[in-house]
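Please keep the structure open beside this note while you read. The points below move from the whole chain to particular rings and strands.

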Amino acid sequence: MDQLLKSLNDLHQAASSVCLHLQQIPANLTHGGRNTGTTSSNRPLAVCRSSSSCGKASSGKAGRRVHFAPPFAAISSSVFQGSGTGQGSGKGGKGSGKGSSSKQGEEDEERILISEVEVVGVPEELKRIAYDALVSRPNFAYTLKEVQADLQRVFATGWFSSCVPDAEDTRDGVKLVIKVTANPELRGVVARGANQLPTAVLQKAMRPLYGGPLNFVAFSKAVERLDGWYRDRGILGQVIDFNFENGIVDLTVGEAVVGSIDLAFQDPKTNSPKAQGATQPAVIRRHLTTQPGRVYSLRQAKQDIDSIYSTGLFEDVNIVPQEAEDSTEQQPKVDLTVNLVERKTGGLGAGTGISAAGRGSGNMPGFVGNFTYSQRNLLGLNQKLSALVELGQADSLFRLQWVDPWIRGDPNRTSMTASMMNTRTSAAAIHGKALDGDAAPDDAAADARGAGGVTLG
């Protein structure tokens, strides 16, 4: 019995803490080019660490490390030595171990008759939870591994901060006594760094945990719901750590903040970097609602991509976040690179044809020629300029239009359009139709009309 007590004392000192690792699943969202054959779908919109850093999940930044109080102690065969289990222990006496040639694996497979199982240390309601988790039953023989697995089942219910076995020798076998300690009652929750997380969402997730001992299984699910709130809204944030002490849960939330935003122009043929593009950087940046110092949102980044793409100046737009050099576990930060592939924005055109506009009045059809010019990125400012000149034997047309879709510096995105047009139509008689005798000579001249205007919208 003295040896049993000494073994139990060593057993309590060998109790170790359990660390639960909840890993973040990185989301990889892509936004490829439209109407283009480029393979931009491989460019991630979400944070994607390098393979070397992804392999270090246990080192911290991508995962969560939670420390619990000491749970159950490890069981060894010494717990039951000298407790009436000498049968089948081999030669060399009962429990003395002298001369025994049994290996540790054989000791683990040795079956011990359990005469009684008792849970102590908690109220009846929690005892019932522990009993329901146990597989061991009285008057059955179990190996040490099976008893150890039973203790793990009790601790896995999440209600207990410790689960320590004890053995008492009885006439009918070994009485297994499981000493458990209930978790403290949850009295409050503190969240640090949760700038985007609404208080109502936090309270709703934690409300079912009040009113009794904190259940770590239910608490882990509540933490997952908080992480899900960030994930559903495309915000790079999660609970990275928490501490439970004196009934207060102290949550540490990490929300990735935007560090810098760089523009990278790429050659449309080779996808190689270019020193600069035709579009001025200020024209692109005014479409970005994502700004340095703000929490990075995948949903907001996608809206920025759509806004830049709507200008019609680019074949492909994508945003690649990377972990900033000064990023820490407590204060994560990402640097953004906006990759841009520009398309051609200007063009010239010319054509000729036959106009039959005057045939209804007996006129012969005449030849018509036209010339067009268009530029959608005038001076790199996303301003549009178009010109049309049309000349015929009888008629002529000139039209010029300039459009600024976003007046510089205007927060309301006010646009401005200026246009000018001039037409010339002949009123002279043609082929067989003479003028009236009393017609003035000016009637044979051309009828010229001009128009112009400026529109703000």
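1. The chain contains nine helices and 19 strands.

2. Confidence deserves attention before any detail is read. The average pLDDT of the chain is 75, and 68% of the residues score at least 70. Over residues 1-101, however, pLDDT stays under 50, although the model has 185 contacts beyond four places in sequence for this stretch. Where pLDDT is low, the predicted coordinates should not be read in detail.

3. Some totals describe the chain as a whole. Of its 457 residues, 35% count as buried, and the accessible surface comes to about 25,600 Å², with 51% of that area belonging to carbon and sulfur atoms.

4. How many aromatic pairs does a search of the whole structure find? The search finds three. In one of them, the ring centres of Phe216 and Phe244 are 6.1 Å apart and the planes stand at 85 degrees, so this pair is edge-to-face, the class for angles over 60 degrees. The pair links distant parts of the chain, since Phe216 lies in helix H7 (residues 216-232) and Phe244 in strand E8 (residues 237-245), 28 residues apart. Both Phe216 and Phe244 are buried.

5. Trp229 and Tyr230 also form an edge-to-face pair, because their ring centres are 5.2 Å apart and their planes meet at 90 degrees. Trp229 has a relative accessibility of 12% and therefore counts as buried, the limit being under 20%. Tyr230, at 1% relative accessibility, counts as buried too.

6. Turning to a sheet, four strands in the order E11-E10-E13-E12 form an open sheet with mixed pairing. Strand E11 (273-274) and strand E12 (314-323) stand at the edges with a single partner strand each, so one side of each is left without a neighbour in the sheet. Strand E10 (residues 257-266) pairs with E11 in the antiparallel sense over two bridges, and Gln266 stands opposite Pro273 in E11.

Definitions and conventions: Residues are numbered from 1 along each chain as its sequence is written. This is a predicted model: local features need pLDDT of at least 70, side-chain atom pairs count only at pLDDT 80 or more; totals for chains, interfaces and linings use all residues. Side-chain values use heavy atoms; hydrogens and water are left out. Rings of Phe, Tyr and Trp (its six-membered ring) pair if their centres lie within 6.5 Å; planes under 30 degrees apart count as stacked, over 60 as edge-to-face and the rest as tilted. Buried means under 20% relative accessible area, exposed over 50%, partly exposed in between (1.4 Å probe, protein chains only). Two strands pair if DSSP finds at least two bridges between them. pLDDT is the predictor's confidence in each residue, from 0 to 100. Contact means heavy atoms within 4.5 Å. Accessible areas come from the Shrake-Rupley method with a 1.4 Å probe; for residues, only the protein chains shown count as cover.
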